[in-house]
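I opened a new page in my notebook for this chain.

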Amino acid sequence: GGEVKLVSEVSSLKKHGIDLDGLPTGAFTLMPSFEWYLQKGKAEAKTIIENLQMLIKEKKEAGFVGVWGAPELAVFIDNGKGNELLRYEKSLGRQFGSDVGGICLFDKKRFEEMDISQIFKSHGHIISEELVGKTIA
């Protein structure tokens with residue numbers, strides 16, 4: 001299941017020229033969204049943020065200067081946890097410093113039934129073909 005998919009994703013990254021083998025140990029972690037958000041995070045904003053804070057601490061103790069993430073958030077929708085996603089994103093807001101960054105990936109079609117505009121208001125920037133040149137209030 002999940003392990004096979006991760007191997008496939010790592011192979012895809014390598015195929016596109018990303019040298020994962022040349023990275024220091026622990027510099028790149030690929031984790032299924034289901035594991036991070038629903039199993040380990042129990043789909044609760046507080047738990048997910050606590051887990052993220054622990055990950056940041058672990059990476060800093062290992063000598064890294066910060067953490068960047070690129071989560072795929074459809075796992076919340078796939079598992080009927082849309083309201084938890086909204087709570088998480090609102091709680092997350094902008095509470096982390098410059099040593100933490102992320103690109104949250106949203107497929108508009110998957111999130112059509114939700115009002116995700118409140119998520120956009122919680123974060124600093126949005127990249128979208130439909131929003132180029134527009135401001136989110």
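Which residues does tyrosine 37 touch, not counting those up to four places away in sequence? I found Lys42, Ala43, Ile48, Pro71, Leu73, Val75, Phe76 and Tyr88, where contact means heavy atoms within 4.5 Å.

**Ground rules**

I am working with a predicted model, in which local features need pLDDT of at least 70 and side-chain atom pairs count only at pLDDT 80 or more, while totals for chains, interfaces and linings use all residues. Residues are numbered from 1 along each chain as its sequence is written, and side-chain values use heavy atoms, with hydrogens and water left out.

**Entry 1: the overall layout**

I read off six helices and two strands, in the order α-α-α-β-α-α-β-α from the N terminus. These are DSSP runs numbered from the N terminus: H or I with at least four residues for helices, E with at least two for strands. I noted that 28% of the 137 residues count as buried. For that label I used under 20% relative accessible area, with exposed over 50% and partly exposed in between (1.4 Å probe, protein chains only). Among contacts with a separation of 6 or more, 70% are between residues 24 or more positions apart.

**Entry 2: the nonpolar core**

I then looked up the largest nonpolar core, which has 21 residues. The term covers buried Ala, Val, Leu, Ile, Met, Phe, Trp, Tyr and Cys residues joined through side-chain atoms within 4.5 Å. Tyr37, Phe76, Leu85 and Tyr88 have the most contacts inside this core. Helices α2 (33-39), α3 (45-61), α4 (74-78) and α5 (82-92) each supply at least two of its residues, and α3 gives the most, with five. As background, nonpolar side chains tend to be buried together in soluble globular proteins.

**Entry 3: the aromatic rings**

I counted three aromatic pairs. Rings of Phe, Tyr and Trp (its six-membered ring) pair if their centres lie within 6.5 Å; planes under 30 degrees apart are stacked, over 60 edge-to-face, and the rest tilted. The rings of tyrosine 37 and phenylalanine 76 have centres 5.1 Å apart and planes at 50 degrees, so I logged this pair as tilted. Tyrosine 37 is in helix α2 and phenylalanine 76 in helix α4, 39 residues apart, and the pair links these distant parts of the chain.

Phenylalanine 76 also pairs with tyrosine 88; this one is stacked, at 6.4 Å centre to centre and 15 degrees between the planes. Tyrosine 88 sits in helix α5 and phenylalanine 76 in α4, so the pair ties together parts twelve residues apart in sequence. Tyr37, Phe76 and Tyr88 form one aromatic cluster.

Leaving aside neighbours within four places in sequence, phenylalanine 76 contacts Tyr37, Ala43, Ile48, Lys81, Gly82, Glu84 and Leu85.

**Entry 4: helix α3**

I checked the length of α3 next: its 17 residues reach 24 Å from first C-alpha to last, close to the 24 Å expected at 1.5 Å a residue. The expected span is 1.5 Å times one less than the number of residues. Buried residues in α3 include Ala45, Ile48, Leu52 and Ile56, and the buried residues of this helix pack against α2, β1 (67-69), α4, α5 and β2 (100-102). Threonine 47, also in α3, is buried at 16% relative accessibility. After α3 comes glycine 63, whose phi is positive, near 105 degrees.

**Entry 5: salt bridges**

How many salt bridges are there? I counted four, taking a side-chain nitrogen of Lys or Arg within 4 Å of a carboxyl oxygen of Asp or Glu. I wrote down these:

- Lysine 46 bridges to glutamate 50, the closest N and O atoms being 3.8 Å apart; lysine 46 is exposed, at 62%, and glutamate 50 partly exposed, at 38%.
- Glutamate 61 bridges to lysine 57, with the closest N and O atoms 3.8 Å apart, and both are exposed.
- Arginine 87 bridges to glutamate 84, with the closest N and O atoms 3.9 Å apart; the two are three residues apart in helix α5, about one helical turn.
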